[in-house]
Every structure is written in structure tokens, then in C-alpha cells.
Amino acid sequence: MTQITYYGHACFEIECNGKSMLFDPFIRGNALASHVDLSSINPHYILLSHAHSDHTADAVEISKQSGATCIGVYEVCGYLQSKGAVSIHPMNIGGSKVFDGIEIKMTQAIHSSSFEDGTYGGVAGGFQISTDNSHFYYAGDTSLFGDMQFIGKKRQLDFAILPIGGNFTMDVTDAIECAKLLNVNKVIGVHYDTFGYIVINHQNAIDAFSEAGIELILMPIGGKYII
Ligand code: NI
Ligand code: MN
């Protein structure tokens, strides 16, 4: 069983194997997530897809309060450590490592990556997560790219978490193509509505995915979903 809690934008927490992983924490700066209590979020791991503040802004605070280990590319981890993150585990694209029975593999993404103050953030990435009973892919901020077809080829993905808001990332049309490349029929949409640039029509998005035979799940902020 895999439980997902959505905290808005591209931030979500996944619990599997008795451990919790928080992805791309951006909560206090997100007006749509003002009802989420940051102090109640205490994951074991914080996974960072890239340096942009809408993915990393709350990582140090949550690492301090929970003791969570920050996982991301080398440059992102080094920066967060210099800002006070209590534990880091640097990786890079194509690398994988097992943490408490959870295999985390960093995948490629096509996107930029720098911190708010201009510090170089390395390259942007995504994550492929495998446990005994769960296998999923979080694309991070990215455009559609052909090599997505190789993700999950070894083992069927249960679901994918994809950006659908367009402008900075894939839009709904490209995310549908991505899901087809991944051969996945369940998608959780992220990275939409937070800013004016990425506001989408929910029903149109759900219908477009449905026409392609894919279920699109748009979670309420603070809501939980069990797969
Ligand atoms: Ni970004
Ligand atoms: Mn972003």
C-alpha cells in the first residue's frame, strides 16, 4: 500500500515500507497551501528534483524539524547543507541507491536549475522509486523527451506523477504522450494552478487523459490518496 498526501504545487509525501518521502517542498510560499501546517510534516527523506525555489523553499526548515535526509543532485545537496539542512545524500542523474528498502533512482529531466540567489544547482532531474510492492515515477519539472520510454521498462510502473501546467513544463497534451511512453494508465498531476502562468481547466485535463485511456488524478491540497 502506498499513501500519497498532496501539499500543493509539486509537493507531495509518499509513505511506503514504513518510511515517508517528501518531494519538492514549497508550502509557505504557496498561497493555495496556506492551510497546510508545515510543522506537522516530518518525513524521513526529502527528495529534491532541482534547485528552483518552488521545489526547495521549505527543505531546510523541514530537514531541521524532522531530521530528514535531503536527497538530490550533488549541487542541490551541497547548497542545502550550507543553509542548515541537517542531513544530505548527494546523487546524480542515472544513479540509484537503496534507502530502507526503497530504491531511489535519479532520472534525467529537461529543465534549468539554479537557486533564488543565482547559485548553480547542477542539472534538473526526476525520480524513479521502487520497493517490493510499489513502483512509480516522478518526472520533476521537464519537457517531454523520447527517452521517457525507457523509464519503467524493466518493471511496470504503478503510477506516474507528472507536471501538467505547461509554460515551464509539460502541458496536458505532452503529459499524455509522456504517460504513453511510460506505458502507465494512472497519472497524478502536479505543477498547475499555483501561478497565473500555469492555471489549467481541471475538467478539460481529466477528459483529455480519459480519452487516451489514462486516469488523471487531481488531488485536493492536504488530501490523501491510497494506491
Ligand atoms: Ni523549475
Ligand atoms: Mn517548478
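Predicted model: local features only at pLDDT ≥ 70, side-chain atom pairs only at ≥ 80, totals over all residues.

A: Happy to! Residues are numbered from 1 along each chain as its sequence is written, chains are lettered from A and ligands numbered from 1 in the order in which they are written, and side-chain values use heavy atoms, leaving out hydrogens and water.

Q: Good. Is Asp141 buried or exposed?

A: Asp141 counts as buried, because its relative accessibility is 2%.

Q: And which residues coordinate the nickel ion (ligand 1)?

A: His50 through NE2, His52 through ND1, His111 through NE2 and Asp141 through OD, at 2.2 to 2.4 Å. Donors here are N, O and S atoms within 2.8 Å of the metal (3.2 Å for Na, K and Ca); water is not among the atoms, so sites may look incomplete.

Q: Why is the arrangement around the nickel ion (ligand 1) called irregular?

A: Because its four donor atoms subtend angles of 89 to 178 degrees. Four donors count as tetrahedral if all angles lie between 85 and 135 degrees; four count as square planar and six as octahedral if opposite donors are over 155 degrees apart and all others between 65 and 115, and anything else is irregular.

Q: How are those donors of the nickel ion (ligand 1) spaced in sequence?

A: The pattern reads H-x1-H-x58-H-x29-D. Within that set, His52 sits in the loop between strand 4 (45–47) and helix 1 (53–56), and Asp141 in the loop between strand 10 (134–138) and strand 11 (159–163), so-called distant parts of the chain, 89 residues apart. Helices (H or I, at least four residues) and strands (E, at least two) are DSSP runs, numbered from the N terminus. His52 is buried too, at a relative accessible area of 18%.

Q: What about the manganese ion (ligand 2), which are its protein donors?

A: Asp54 (OD), His55 (NE2), Asp141 (OD) and His191 (NE2), lying 2.1 to 2.2 Å from the manganese ion (ligand 2). Asp141 bridges the two metals, and the manganese ion (ligand 2) and the nickel ion (ligand 1) lie 3.1 Å apart. Asp54 is in helix 1 and His191 in the loop between strand 12 (186–190) and helix 5 (202–211), so this pair ties together parts that are 137 residues apart in sequence. Asp54 and His191 are both buried.

Q: Nice. Switching topic: how many aromatic pairs are there?

A: Ten. Rings of Phe, Tyr and Trp (its six-membered ring) pair if their centres lie within 6.5 Å; planes under 30 degrees apart count as stacked, over 60 as edge-to-face and the rest as tilted. One of them is the stacked pair of Tyr79 and Phe115, 3.6 Å centre to centre with 15 degrees between the planes. Tyr79 belongs to helix 3 (residues 74–82), while Phe115 is in the loop between strand 8 (102–108) and strand 9 (125–131), 36 residues apart. Tyr79 is buried at 16% relative accessibility, and Phe115 is buried at 5%.

Q: How far apart are the ring centres of Phe136 and Phe159?

A: They are 4.8 Å apart, and the planes are at 10 degrees, so that pair is stacked as well. Phe136 lies in strand 10 and Phe159 in strand 11, 23 residues apart. Phe136 is buried at 0% relative accessibility, as is Phe159, with a relative accessible area of 0%. Ring pairs also join Phe12, Phe23, Phe127, Phe136, Tyr138 and Phe159 into a cluster.

Q: Now the sheet. What is the strand order?

A: The open sheet of seven strands runs 6-5-4-3-2-1-14, with mixed pairing. Two strands pair if DSSP finds at least two bridges between them. At the edges stand strand 6 (87–91) and strand 14 (224–226), each with a single partner strand, so one side of each has no neighbour in the sheet. Strand 1 (residues 3–6) pairs with strand 14 in the antiparallel sense over three bridges, and Thr5 has Lys224 as its bridge partner in strand 14.

Q: Which strands does helix 2 lie across?

A: Helix 2 (residues 59–66) lies across strand 3 (19–23), strand 4, strand 5 (69–73) and strand 6, at about 170 degrees to strand 4. Helix 3 lies across strand 5 and strand 6, at about 140 degrees to strand 5. Axes are lines fitted to C-alpha atoms, for helices over the stretch in contact, and angles run from 0 to 180 degrees between N-to-C directions; contact means heavy atoms within 4.5 Å.

Definitions and conventions:
Buried < 20%, exposed > 50% of the residue type's maximum accessible area, 1.4 Å probe, protein only.
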